[in-house]
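Please read this briefing with the sequence and the model side by side.

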Amino acid sequence: MALADGHLGPNGSVAVAQAYQGRLSVDPQGGALTITPVALQDTGTYTVEVFPLGGQVWRGDVQVEVYELVGKVSVTPPSLEVTEGARSAVLTCTPMRGTITWTKDGQSLDQDPRYWVSAGTLQISWPKRNDTGSYDCHRVQPLQQWHRHRPDPGLLRAGPPHDPHLVGP
């Protein structure tokens, strides 16, 4: 199905297929295609064909990828206190789409086997006092990046075994 058809140049005109009117336009001078607003279903391969007078047909394909907006992310629970040596502490980044990475106090997490990241969840096995800090999640997609930075809440506090064990905000 042709999206548009016409003639380019100083007196050019291009007709847009009825299904795309209002969303698609073609510059009659240079042939630039514009789709607005863009939608996820606009992802795909677009083909352009140019028929120069008396010349050979030029054909080219362009792959278009449309990505969902990342939006803001949040960490739950916003604050968590655990007893040092407890089985685990778990923080979750939502929404869990895209690539999720975590930092502690603004730094990449150590390559500690006690840190386990899966589908937006950070699990710290057998938390120690030095795990105390501010944990941030970052959600990345091509062309976009968001992160959740929480300077006040979003803290993990690991205390000595005689401290009360508290889970939640």
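Is tryptophan 126 buried, partly exposed or exposed? Tryptophan 126 is partly exposed, with a relative accessible area of 49%, where buried means under 20% relative accessible area, exposed means over 50%, and partly exposed lies in between (1.4 Å probe, protein chains only). This is a predicted model, in which local features need pLDDT of at least 70 and side-chain atom pairs count only at pLDDT 80 or more, while totals for chains, interfaces and linings use all residues. Residues are numbered from 1 along each chain as its sequence is written, and side-chain values use heavy atoms, with hydrogens and water left out.

**The four-stranded sheet**

- Four strands form an open sheet in the order β7-β9-β13-β12, and their pairing is antiparallel; strands (E, at least two residues) are DSSP runs numbered from the N terminus, and two of them pair if DSSP finds at least two bridges between them.
- β7 (74-76) and β12 (115-118) stand at the edges with a single partner strand each, so one side of each has no neighbour in the sheet.
- On average, and with direction ignored, neighbouring strands of this sheet are turned by 20 degrees against each other, the axes being lines fitted to C-alpha atoms and the angles running from 0 to 180 degrees between N-to-C directions.
- Strand β9 (residues 88-94) and strand β13 (residues 121-125) run antiparallel and are joined by five bridges; leucine 91 has leucine 122 in β13 as its bridge partner, and valine 90 has glutamine 123 in β13.
- Three bridges join β7 to β9, and threonine 76 has threonine 92 in β9 as its bridge partner.

**The nonpolar core and a buried valine**

- The largest nonpolar core has 15 residues, and those with the most contacts inside it are Trp102, Leu122, Tyr135 and Cys137; such a core is a set of buried Ala, Val, Leu, Ile, Met, Phe, Trp, Tyr and Cys residues joined through side-chain atoms within 4.5 Å.
- Two or more residues of this core come from each of β8 (79-83), β9, β10 (99-104), β13 and β14 (133-141), and β9 gives the most, with three residues.
- Valine 75 sits in strand β7 and is buried, with a relative accessible area of 5%.
- Valine 75 and tyrosine 135 are 60 residues apart in sequence, yet their C-alpha atoms are 8.6 Å apart in space.

**Cis peptide bonds and positive phi values**

- The peptide bond that joins threonine 36 and proline 37 is cis, with omega about -5 degrees, and proline 37 lies in the loop between β4 and β5.
- Another cis peptide bond runs from threonine 76 to proline 77, with omega near -10 degrees, and proline 77 is placed in the loop between β7 and β8.
- Alanine 119, in the loop between β12 and β13, has a phi near 45 degrees, which is a positive value in a residue other than glycine; alanine 119 counts as exposed, at 56% relative accessibility.
- Tryptophan 126, found in the loop between β13 and β14, has a positive phi near 45 degrees and is likewise a residue other than glycine.
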